[in-house]
Amino acid sequence: MDWPGTPLTELLGIRYPIVQAPMAGPTTPELVASVSNAGGLGSLGAALMAPDDLRAAIRDIRSRTDRPFNVNLFVWRDPAQPEPALLEAVRAALAPVRRRLGLDDDALLPLPPSPRALLEKQLTVVCEEAVPVFSFAFGIPPLDEVRRAGTLIAGTATTVEEAVALEDAGVDAVVAQGSEAGGHRGSFLAPFGESMVGGLALVPQVVDRVRVPVVAAGGIMDGRGIAAALALGAAGAQLGTAFLGCPESAAHPLHKAALQRLADTGTTVTAAYSGRPARAMRTGFISDLESVLPAPLDFPLQYAQTGRINGAAAGTGDADLMFLLAGQAAALSRSLPAADLVETLVRETQEVVERMTASGSRVRP
């Protein structure tokens with residue numbers, strides 16, 4: 001099915017204005033390539049990858065597709081050293097769960113000595129491999145070398161102010177992340193509580209303020225959401241939770257199974273698990289942490305404490321202890337191969353647009 005181009009499809013050289021969100025962990029080279037081969041933009045969530053692993057993954061993607069794809073990184077900053085009393089409070093809160101899972105109290109998820117230095121090394125790989133598209137979240141990284149490599153650049157904004165800052169920094173596109181989105185919040189200029197703007201409100205305001213293409217993200221799961229994003233003025237839509245159920249996704253089977261059971265009220269934005277606000281499934285473990293901790297450790301130090309719990313719980317089948325990131329419309333997820341999902345999204349969007357056009361609306365993709 002051929003669609004008229006949008007500023008995003010023309011910029012990226014893709015067939016459909018559909019972006020698979022770069023989720024760190026669940027995205028695999030197979031998922032990325034499958035989406036790109038189907039006409040969308042596949043995205044590798046590479047923020048947690050060591051540089052050599054990132055290079056290998058990029059080359060794996062290239063062996064599977066000759067279409068454009070995206071590599072996404074976090075704009076890490078080195079975390080503040082925790083106060084001893086807070087560190088002890090976190091360890092005390094986690095101790096009963098560690099014992100339940102048979103984990104040593106000192107079994108921490110290893111972190112690089114300097115997350116900021118990790119970003120520098122990751123950016124070197126992105127430039128040396130000249131990836132087609134580079135995107136980022138949590139701030140604005142150095143972009144001059146990336147631009148000289150011929151790579152197109154997209155940044156994540158949760159407010160109009162952030163979108164303007166990204167455009168001023170020279171990005172080629174802005175991803176407007178509504179409060180409905182699963183995963184970590186991309187906010188970087190205002191406090192998180194002041195940056196929880198819903199997509200319906202955020203997208204048209206960003207579109208009105210920046211000249212670059214805007215990609216709507218957050219709670220988009222099917223063709224109805226894509227058509228709505230286009231109607232709001234976005235040049236494309238980014239979907240993350242929608243792709244978690246694909247067989248190419250590396251999301252844990254417990255995570256995939258939980259998506260379709262999740263109610264619209266079943267997620268919460270919490271910093272208790274990782275140290276940075278993220279939308280995840282509400283669990284008893286998260287509620288307990290929020291009730292006993294005065295505050296989490298700075299990101300990603302908190303996840304260094306909880307990450308082994310997440311892995312051990314996955315091994316024992318205890319989903320209540322896992323960090324299950326998901327958007328607010330997760331119940332609409334489907335277990336389709338990625339290419340079939342893209343095809344289905346395209347068909348659904350076209351059907352919505354045709355119905356609206358037939359009823360007199362001027363909305364068109």
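Author: Let us begin with contact, which means heavy atoms within 4.5 Å. By that rule, and not counting residues up to four places away in sequence, S43 touches V19, Q20, A21, P22, T27, V32 and N70. Please note that this is a predicted model, in which local features need pLDDT of at least 70 and side-chain atom pairs count only at pLDDT 80 or more, while totals for chains, interfaces and linings use all residues. Residues are numbered from 1 along each chain as its sequence is written, and side-chain values use heavy atoms, with hydrogens and water left out.

Reader: In which strand does S43 lie, and is S43 buried or exposed?

Author: Helices (H or I, at least four residues) and strands (E, at least two) are DSSP runs, numbered from the N terminus. S43 belongs to strand β2, residues 42-45. Buried means under 20% relative accessible area, exposed over 50%, and partly exposed in between, with a 1.4 Å probe and protein chains only. S43 has a relative accessible area of 0%, so this residue is buried.

Reader: Which side chain forms a polar contact with that of S43?

Author: A polar contact is a pair of N or O atoms within 3.5 Å; within protein, one must be able to donate a hydrogen and the other to accept it, and residues adjacent in sequence count only if both atoms are side-chain atoms. The side chains of S43 and N70 are joined by such a contact of 3.1 Å.

Reader: How many aromatic pairs does the structure hold?

Author: Rings of Phe, Tyr and Trp (its six-membered ring) pair if their centres lie within 6.5 Å; planes under 30 degrees apart count as stacked, over 60 as edge-to-face and the rest as tilted. The structure holds ten aromatic pairs. One of them, W76 with F299, is stacked, at 5.4 Å centre to centre and 10° between the planes. This pair links distant parts of the chain, 223 residues apart: W76 is in the loop between β3 (69-74) and α4 (84-101), and F299 is in the loop between α12 (284-292) and α13. Both W76 and F299 are buried.

Reader: Why is the pair of Y303 and F323 called tilted?

Author: The ring centres of Y303 and F323 are 6.2 Å apart and their planes stand at 40°, so the pair is tilted. Y303 is in helix α13, whereas F323 is in the loop between α13 and α14 (338-358). Y303 is partly exposed, with a relative accessible area of 21%, while F323 is buried at 11%.

Reader: Which residues touch the most other members of the largest nonpolar core?

Author: In soluble globular proteins, nonpolar side chains tend to be buried together. A nonpolar core is a set of buried Ala, Val, Leu, Ile, Met, Phe, Trp, Tyr and Cys residues joined through side-chain atoms within 4.5 Å. The largest core here has 100 residues, and F134, V206, L239, F243 and I309 touch the most other members. Helix α4 gives the most to this core, with six residues. A second, separate core of ten residues includes L12, L41, V215 and A217.

Reader: Where is A313 placed?

Author: A313 is in helix α13, residues 301-316. With a relative accessible area of 0%, A313 is buried.
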